[in-house]
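Hi,

Here is the structure I said I would pass on. Have a look at it first, and then read my notes below.

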Amino acid sequence: MQYLHQVSSSFFLVLSGIHRIRFIVLLFFGTAIHISAGAQVLPVIPQTMPVIPQPVMVAAAEGTFTIHKGLPIVASVSDTSISSFLNEAIFSHTGYHLKIAKKIKGPAIRLSVDGRVQQKEGYELEVDRNGIAVRGHDAAGLFYGLQSLIQLFQLKEASRNISVQNGLIRDYPRFGYRGMHIDVGRHLFSVDFLKKFIDLLALYKLNTFHWHLTEDQGWRIEIKKYPRLQSVAAFRNGTIIGHKKETPHTFDGQRYGGYYTQEQIAEVVAYAGRRHINIIPEIEMPGHALAALSAYPELGCTGGPYQAAQFWGVFDDVFCAGNDQVYEFMEGVLDEVIRLFPYQYIHIGGDECPKLKWKSCPKCQKRIQENGLKDEHGLQGYFMRRIVAYLESKNRKAIGWDEVLEGGVSKETTIMNWRGEETGVAAAKEGYDVIMTPERFLYLDYYQSLHPEEPVAAASYTPLSKVYGYEPLSSQLNAAEAAHIKGVQAGLWSEYMDTPEQLEYMAFPRMLALSELAWSAKEQKNFTGFLARLRAQEPLLKRLNVNYFPYFDEVMGIVRQQKGNVVQLELSSTLPSASIRYTLDGKDPDKNSTLYDSAIVFGPTALVKARLFHDGQPLGRIFTQAYQAHLAVQKNIKLNDSAAGTAGIDPGLLLNGIMGTHRFNEGQWLGLRGRPLDVTIDLGAVHQVNRLGTNILNYHWQRMWAPSKLRFYVSADGVEFKEVYTQNTFPVNGINKVRATIPLSQVRYVRMFAEVIDKIPVGEYGEGAAPLLMVDEIYVN
């Protein structure tokens, strides 16, 4: 077994009490208050108390209070760990501990629980010449008040004396559930790292750690009743190298694995509990079961043999829903899980369960018939209901991914909606409690930048602004329905995160945006103010050795198509007082390059390079955008098929001179699910044409299939078309660049028709589903 260290993290957390003072600067929402009367707007006031998440109310006052070696901590609470947390945080910053007293007159740091703070988990933090006071509604509120205090003094350089800004913070959370998820099934992370991560959750007032413990690629929790889960299921015989979309797949051939002992799990649970963080364990079922089946093959429909997966994806071999041994196994596992995790919720998975093996399994078909189930979806509903009932018999509650709704589950089951906001909205309308975890906003394994130097990630593009801009409460919900939205959670799926440093890089600073949307009121959110506070937090993240993504202010580019066949590039950055300089000749920008002040209009061809500068010094990475002109850029293009499936599709994307990349996440690829693409381009006048082309993405492991046949036709009058090129093989796993040379022709109209297969073939990933056709830029020259 891989050894997991059990040493405590070097990061410390804290707590504190509160009075009344006179304030000279009043700040809300991280920016100055804006007064609408008479169209008067107050100037923006520098943020002097840059806490994340944004508190309900922040009022900064003149002056500071200094923490020094002779200052006592006075705690009117019985829990001595509160004072110890604060003392350790101060020690980490100053090198000394403070004296702890129960009662003392004069300046001090005073900690108390006070019912006058009315909101659950709420606190008040007050700093004036008499000292620092933190009052909490409850122990959790007092703890969160300390986190704000820690942020305020640890943002500064370490020194013997610490000055804290005078002022008052009143604060409480918007949502009761504020969660982060880590998948340890694909890649394992040490106990030491998990403690560090839990400390960071607490610092930013997140209160739930969702621990994804079992997967196709590895079983990570010790279950004493089933020892082969440790000796067999915890290991795989190799790991895929590179992205799963790259074929043929290559593997490192190295045995990989490990698991957490029950003693280690108890240690992590206790560590989190002292920081007011609940841990939700997830035991996947009935899918994502290959690792478990490798140890106990009799639990599968075919009896195996099976082995833990060495690459990423969804696999057809799942637990046999018609076999009573499976339910006995799951109950035995859950009995031990329940003993280890005191929180009332257990996550039972339920996502991405293929039904293929169930369709041909006699036991599964018999179960369907005997229970009057409609189909295999009903069989999954039977499976999940049986597990939910077992947990309820143990006084526990179940959480499941949104697929559990398809077969029907008890209203006592909480739903995590990962496939989109609409599933969460629908579940809330039906009376289910919901934790909003939509993939396109809150999956942090997605790229956070389109820069080509970014490390390999799962897919798509979820920048910091997209996470911050997510609103968990849909306007489609009335007040009673909205009450079922219990909170939000972001996910870290570890296929492409094989080290703690890479996981931190993907999590931060997006996790700070999550903390703000989970804690702060909708009306308080302000992305500009958040960024100002985030920049102030950078010294603290560095001091805590967090390998965060530092380029959140980098140059961004948007390509826009204008009238008159004009394509232009708009550049921007969120960094105040910085300028953007650019070149068009392929050279790296320097302080003498052209200053960007308006959109760049592309010429026949261009390679734009741009960079941020501040006081003449370059900042961050170089932004690059290529453009290639051709006869069809910005010309009229129409879809020839008006059938269902074209809604929202803009074929103009195919004629903007910008090529999509192999990551297919930059918004340049046009995608159609299960239907052909048939378009006609009007060049506006007759031209001599002898070259046609396009780009096709062929990634079967992303369910992206090239056309079964691609045809080009040309016409001078738009009535009679002549077929001039056909291609029916696309051998490249990735971008297939179709470049056809045809006899020189008089052409005004070009038609491209891409035929597709109806369904993904048997034996291929996603078999039976409609394939996705991905096309980029049609070239005419």
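Glu-352 is partly exposed, with a relative accessible area of 30% (buried means under 20%, exposed over 50% and partly exposed in between, using a 1.4 Å probe and protein chains only). Before I go on: this is a predicted model, where local features need pLDDT of at least 70 and side-chain atom pairs count only at pLDDT 80 or more, while totals for chains, interfaces and linings use all residues. Residues are numbered from 1 along each chain as its sequence is written, and side-chain values use heavy atoms, with hydrogens and water left out.

Back to Glu-352: this residue sits in the loop between β19 and α8 (helices are DSSP runs of H or I with at least four residues, strands are runs of E with at least two, and both are numbered from the N terminus). Its phi is positive, about 45°, although it is not a glycine. Most residues other than glycine have a negative phi, and most peptide bonds are trans.

His-288 also has a positive phi, about 50°, and is not a glycine. This one is buried, at 4% relative accessible area, and lies in the loop between β18 and α6. Pro-286 is found in that loop too, and the peptide bond joining Met-285 and Pro-286 is cis, with omega about -10°. Another cis bond runs from Ile-52 to Pro-53, with omega near 0°; Pro-53 is in the loop between β2 (31–32) and β3 (57–67).

**Strands and helices**

Strand β18 (residues 278–282) has 4 of its 5 residues buried, so it is largely enclosed by the rest of the structure. β18 pairs with β11 (residues 208–212) in the parallel sense over 5 bridges (pairing takes at least two DSSP bridges between the strands). Glu-282 of β18 is the bridge partner of His-212.

Helix α2 (residues 139–154) is largely enclosed as well, because 15 of its 16 residues are buried.

At the start of α10, a side-chain oxygen of Asp-375 comes within 3.0 Å of the backbone nitrogen of His-377.

Which residues does Thr-94 touch, not counting those up to four places away in sequence? They are Ser-159, Arg-160 and Ile-162 (contact means heavy atoms within 4.5 Å). Thr-94 belongs to helix α1 (residues 80–94) and, at 7% relative accessibility, counts as buried. Its side chain reaches the backbone nitrogen of Tyr-96 at 3.2 Å.

Cheers

Methods. A polar contact is a pair of N or O atoms within 3.5 Å; within protein, one must be able to donate a hydrogen and the other to accept it, and residues adjacent in sequence count only if both atoms are side-chain atoms.
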